[in-house]
Each structure stands twice: as structure tokens, then as C-alpha cells.
Amino acid sequence: MRVSLCTITFRHHLISLDEIAAWAEANDFQGIELWGAHARNLSPRADRNAEWLDGYGLSVPMISDYLPLDGDVEALRHKAVELCRLARRWRTRKIRTFAGSRGSLDVSADERREIVERLKEICTITASYGIQLLVETHPKTLADTAASTMRLIEEVDHPSFAINFDTLHVWEGGDDPVAVHRAMKPHIRHYHLKNIVGRAELSVFEPANVYAAAGSRRGMTRLFEGAVDYDRFLSEIAGDPQADASLEWFGNDCFETLRRDRRQVREAVDGTEPNRRAAGQ
């Protein structure tokens, strides 16, 4: 399994991509998942691209962004093309988005149909660039439960459409991540791994809180210390060397948390210590 860190972790930090890449290399990560805002803001830096990242032995597995599926159609198409061009620059074949901004029980049949049609159109665009569009399992979207996500896969029915399996959010939706993974595996192209102390704290992941510099981080916890059983879940994907996963950490103590989680993921997956000596250890 290839493991990446996410630049969204450092959304409120004064730190360069150069520093993140050097640290990621030293701490046994194989990639850096780029937040869409960061990928766009790096555009003027022609010297920062996939070839540059090769020097660290790293790659970009995915660009994670937010396509305005319920907004202006022309703006949606324009942003999709922009993201595809950024993906080419970083030599990734995956773009992540959300399936709208309202839960599956809160949309009408017509509204759902419109989101599906727009996803199909964006998949046609991404396919022309050789890129896949991944929808993330996430609350307050059409992929908020396993049943709605599987239905969405059938409705879109496009070879460039796939799933970013956010394990915690699958659990949040009331489903067993292991059982859902077994049913959904042919459509999964990426995994987000994070954890929470308990259900009472799930609101900490609300976008308005997560993206606020002064937002609460209470309840966010290390991967193997929360309510979701990652020993059990990782045993399901441990045997897949092509699996791409990102440690999606939004809390404080970024470097120490990521360092420890990365080490424990490796131990859980193949029972060995990291190949590279962790920085600062």
C-alpha cells in the first residue's frame, strides 16, 4: 500500500512545499496529495511539478478539490478543465470532488438526476485527459451512505467515475467500513484515513469548522486511538500493493501525529518498521 500525506493538513501553516516534501521523504511517505487550492497557487512556479517531486522519490496520487456541481454549468466545465491541466502537471490521474452539497435524503429526484448528469459530463471531460473523477464518501452529499453511493455508481455508469473511500465517513453514515469496502472495492481508487474519539465529536469535521483557523480540533485523534477500528480495516487492504491511501489529518501537532500514524500503518499492513529513518528520531 502506498501512503501519502495531504497538504490540506498544513492549510494554516507557514510552510513551503519544499519543506513538506523533504519531511515526507524522510518519514516513509510515498506521495503528497495536493489540495486544489495549493495546486492552483503553485501554478506560477513553473519549477514545481512532478519532475521536481521525483527528486524526493515522491508522487502526487490525487488532487483534492470541490467542483461546483450545483452551480453554473460553464463555471463547472471551466474548473474541471483547469483541474485536469493541473493534474497533468503533477502527473496524477485522479481528481477528488464531492457529489453535491446536500445529503441523499434531502434532495428531490430531479435534483439528484441533475447532479448525476453533471457528474457524467465531468467524467467525459476528465476522460479526455486520461484522468478519473473520484467522488468522496462524505456526509451531506449523495455519497453519504453506502446505499446511496452504490446507487450513484450505477447512475453515473462511466468508466472514469470512481470512489475515494473515506473510511471514517463511511462509518459515520452508519455502515460497517469493512463490509462496504468488500462490496465497493471494484470502484475504489483511493482511501482517506482519519479517526475520531466518538460520534459525539463528529461535528468537528464540518467544513466551516475544519477550514477555520480558530476552529475546534477537539475529538480528532491519532489513527489507531479512535472509534473506527483501523487494525481491522487495514487488514482488508494490506495485501494490495497498488492501493493508494492518504493520512488526512486536520488537527494540531501535525508532524508528530503523521510520523506516528505512518509508522503504525506500516506495522499494521506488513509488520515491519519504515525503510527510512524518521526525521528527528
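The model is predicted, so local features need pLDDT of at least 70 and side-chain atom pairs count only at pLDDT 80 or more, while totals for chains, interfaces and linings use all residues. Residues are numbered from 1 along each chain as its sequence is written, and side-chain values use heavy atoms, with hydrogens and water left out.

**The annotated region**

The UniProt record, an unreviewed entry, lists residues 22-260 as "domain: Xylose isomerase-like TIM barrel"; such annotations may be inferred rather than shown by experiment. Over that range the chain is 41% helix and 15% strand, with the end C-alpha atoms 17 Å apart. Helices (H or I, at least four residues) and strands (E, at least two) are DSSP runs, numbered from the N terminus.

**A helix pair**

Helix H4 (residues 73-89) and helix H5 (residues 109-128) have axes that come within 10 Å and cross at roughly 35°. Axes are lines fitted to C-alpha atoms, for helices over the stretch in contact, and angles run from 0 to 180 degrees between N-to-C directions. The crossing is right-handed, meaning that the near helix is turned clockwise from the far one by less than a right angle. On the H4 side, the contact (heavy atoms within 4.5 Å) includes Leu 76, Ala 80 and Val 81, and on the H5 side it includes Ile 122 and Ile 125. By class, this contact has seven nonpolar, two polar and four charged residues. Here Ala, Val, Leu, Ile, Met, Phe, Trp, Tyr, Cys and Pro count as nonpolar, Asp, Glu, Lys and Arg as charged, and the others, Gly among them, as polar.

**Pockets and cavities**

On a 1 Å grid over the protein atoms alone, a cavity is a set of points where a 1.4 Å probe fits but cannot get out, and a pocket is an open set with protein on both sides within 12 Å along at least five of seven lines; lining residues have an atom within 4 Å of a point. Grid points are joined across faces, edges and corners, and a volume is the space filled by probe spheres set on the points.

| Space | Volume | Lining residues |
|---|---|---|
| Largest pocket | about 320 Å³ | 20 residues |
| Second largest pocket | about 220 Å³ | 13 residues |
| Largest cavity | about 130 Å³ | 15 residues |

Phe 98 and His 138 are among the residues nearest the centre of the largest pocket, and they are also among the closest to the centre of the largest cavity. In the second largest pocket, H1 gives the most to the lining, with three residues.
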